[in-house]
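Dear colleague,

I am passing on the structure we spoke about, and below it you will find an account of what came out of looking through it. Please read the text with the structure open beside you.

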Amino acid sequence: MAAPPQPQPEPEPAAGGAGLEALEGLALDTVIAKAGARQAAALACASTRLRDAAGDDALWRRFCADDLALHAPLAPDGRALPSFKDAYKVWLESFGMYPLPLVRRVKIFWSSLKSWLSENFPEAHKTLNKGVSEAQIQSAEDDLGFKLPLPTKLLYRFCNGQLPLSEHHHENMRMAHLGIIGGYVFYDHLINVHLSPLEQIVEETKEFYREFYDQGVFNMTNLIIVATSWYRPKTFFLNCSDDQLYVGTINLQDGEMLPCVPKSLIRPTNTDMPQDGLLLWLEEHLRRLQNGMIKIRMLKTSRYISLFPEASPSCTSAMTNGVKVRASAVFAPEHPESRRPGAKCLYAYSIRLSVPEACMLGGVYYSSCQLYSRHWIIRWRDRVVSDVNGEGVIGKYPLLTTGQEEFVYESCTPLPDSPGSVEGSFTFVPGKLSRPEGKPFEVTVAPFPLEIPEYIF
C-alpha cells in the first residue's frame with residue numbers, strides 16, 4: 001500500500017507582501033502573475049487585500065494555462081470544478097510529485113494524440129484506457145523490482161496504453177490492426193504495434209525474464225516491454241536504467257536490440273525537463289501523424305496506421321509520361337530473413353502507382369496503361385548488389401486508369417548492412433496488354449533510401 005499523502009504546510013507569507021500593499025490594480029495583478037502560482041498562494045496569507053488580489057480566478061486561469069495547459073476548470077478525471085483556483089489545487093495534489101513542465105508536456109502530448117485519433121482513426125481511439133493512479137504505478141514498480149522513469153510514469157498516469165489481449169480470439173483479431181503505433185505488411189509478414197497497458201507490461205516483462213533467465217544476457221538489466229505487435233512478433237523495450245527505448249531484432253535471444261531514439265536527446269530524470277526514450281518516441285510518432293509523413297491505409301476491409309513514409313525525403317516521387325510512382329521503405333529488424341548470411345538488414349518497401357490526369361506518349365493521350373515488367377537496381381553503399389529484371393509485380397500486372405486510386409504493393413529486399421538504396425523502372429504499355437494502343441514505354445522509379453533510421457517504429 002502506498003503511504004497516505006502528508007498534509008502540506010501552510011505557505012509562508014511572501015517577504016515582499018508589505019511592499020505590494022502600495023500597488024494598485026493592473027500593476028499588482030501583473031506582479032502577482034509574474035510571481036507564479038506558488039508565490040500567489042503565499043501572498044494570500046499576507047493580508048486581506050492581497051488575498052483578494054491573489055484569489056482572482058482570472059489570475060488562476062492564467063496559471064492553469066501556463067503551467068498545466070488547462071483551459072477549463074476541470075479535474076484530471078474530467079470533473080467540472082467551481083474555479084480555476086480549485087482546478088490548480090486538485091492538479092497539484094495529483095501531480096505535484098512531478099516537475100510541472102513535464103506534466104504540461106505529457107498532457108499536451110496525450111491531448112494532441114487523442115484529438116488526432118478521434119478525428120482520423122476513431123476505431124483506435126476507443127481502445128485507449130484511462131490513466132492509472134500513483135498507487136498503481138508504485139505497485140507495478142514493486143512487482144518489477146525497480147523504478148520507472150518519470151516521463152513513463154506520467155505517460156501512464158494520463159493514459160494506460162491500449163486495451164490488452166483478451167481470451168477471445170475473434171475479439172483479438174478484430175482489434176489486431178488498431179495499434180496506435182501502427183505497422184506494415186509485405187507478403188505474409190504483418191506488423192501492427194500496440195502500446196501496452198501497465199498490467200500487461202508487468203506480466204509480459206516478468207514472463208520475458210523467466211524465458212531468458214538461462215541465457216543470462218538480460219539478467220542485469222531493468223527492461224520493461226512497453227509495446228508489441230499483435231501479428232508477427234515485434235517487441236519494444238524501455239531500459240529503466242539508461243532511459244533508452246530498444247526494439248528486439250530477430251536475434252533477441254542473443255541479446256541483440258537496437259536503440260529507437262537518438263541517444264543525445266535522452267535526459268536523466270534529475271533535470272527540470274526529463275525525457276526518456278518512450279516519451280521521445282511517442283512524440284515523434286505524433287509529429288509524423290500530424291504532418292502526414294505516415295497515414296491511414298486499408299488492409300483488406302480494415303484500416304490501420306501504415307508506417308511506410310508518405311513524404312520526402314523518405315518517400316520519393318517521379319512522373320513519367322503521366323504515370324506517377326511513389327516509393328518508400330521501412331526497416332524490419334524482426335524479420336527472419338535478417339538471419340541469412342549477407343542479409344543483416346531487411347527492408348520492406350512500398351510502391352504506389354497512379355495516373356493522376358492522363359497517360360501521354362508522343363503527344364497522344366491514353367486513358368489507361370498496363371504494367372508489363374520491372375527493373376530494379378539495389379545498392380549497398382556505392383556497390384550494386386542486385387540488378388533484377390522480371391515480368392509484373394508480385395505476380396500482378398496492374399492496369400492504371402486516369403484518376404483511379406493508387407495501385408499499392410509491398411515487397412522486401414535484404415542488404416549486408418546499412419545504408420543502401422533502390423531505383424529502377426517499370427515498362428508500361430498504353431491501353432492494355434491484351435490490346436496495346438501504342439509502343440511500350442519506361443516509367444522511372446526515383447531512388448529511395450534503405451537505412452536504419454534515427455527513430456525505429
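**Strands, helices and local features**

Strand 12 (residues 323–331) and strand 13 (residues 345–354) run antiparallel and are joined by 8 bridges. Please keep in mind throughout that this is a predicted model. Within this pair of strands, lysine 324 stands opposite serine 354, the latter being in strand 13.

The two strands belong to an open sheet of 4 strands, in which the order is 11-12-13-19 and the pairing is antiparallel. Strand 11 (316–320) and strand 19 (407–415) stand at the edges of the sheet and have a single partner strand each, so one side of each of them is left without a neighbour in the sheet. On average, and with direction ignored, neighbouring strands of this sheet are turned by 20° against each other.

As for annotation, UniProt, in an unreviewed entry, places the feature "domain: ApaG" at residues 317–457.

Helix 7 (residues 100–120) packs against helix 10 (residues 150–158) at an angle of about 45°, and their axes are 10 Å apart. An angle counts as roughly parallel when it is under 35 degrees and as roughly perpendicular from 65 to 115, and helix 7 and helix 10 are therefore oblique to each other. The crossing in which helix 7 passes helix 10 is right-handed. On the helix 7 side the contact is made by Leu102, Val103, Val106, Lys107, Phe109, Trp110 and Lys114, which meet Leu150, Pro151, Leu154, Leu155 and Phe158 in helix 10. Of the residues in this contact, 10 are nonpolar and 2 are charged, while no polar residue takes part.

Helix 10 also packs with helix 6 (residues 84–95), here at an angle of about 125° and with the axes 12 Å apart. That angle makes helix 6 oblique to helix 10. In this contact Trp91, Ser94 and Phe95 of helix 6 meet Leu154, Arg157 and Phe158 of helix 10, and the residues divide into 4 nonpolar, 1 polar and 1 charged.

Helix 9 contributes Gln136, Ile137, Ala140, Asp143 and Leu144 to the contact, and helix 12 contributes Leu198, Val202, Thr205 and Lys206. The residues of this contact divide into 5 nonpolar, 2 polar and 2 charged.

Some points of backbone geometry remain. Most residues other than glycine have a negative phi, and most peptide bonds are trans. Against that background, the peptide bond from serine 312 to proline 313 is cis, with omega near 5°, and proline 313 lies in the loop between strand 10 (302–306) and strand 11. Serine 418 and proline 419 are likewise joined by a cis peptide bond, for which omega is about 5°; proline 419 is found in the loop between strand 19 and strand 20 (420–430). Lastly, tyrosine 187, although not a glycine, has a positive phi of about 55°, and this tyrosine lies in the loop between strand 3 (182–186) and strand 4 (189–195).

Key. Residues are numbered from 1 along each chain as its sequence is written. This is a predicted model: local features need pLDDT of at least 70, side-chain atom pairs count only at pLDDT 80 or more; totals for chains, interfaces and linings use all residues. Side-chain values use heavy atoms; hydrogens and water are left out. Axes are lines fitted to C-alpha atoms, for helices over the stretch in contact, and angles run from 0 to 180 degrees between N-to-C directions. Angles under 35 degrees count as roughly parallel, over 145 as roughly antiparallel, 65 to 115 as roughly perpendicular and the rest as oblique. A crossing is left-handed if the near helix is turned anticlockwise from the far one by less than a right angle, and right-handed if clockwise. Contact means heavy atoms within 4.5 Å. Ala, Val, Leu, Ile, Met, Phe, Trp, Tyr, Cys and Pro count as nonpolar, Asp, Glu, Lys and Arg as charged, and the others, Gly among them, as polar. UniProt positions are given in the numbering used here, feature names are shortened, and annotations may be inferred rather than shown by experiment. Two strands pair if DSSP finds at least two bridges between them.
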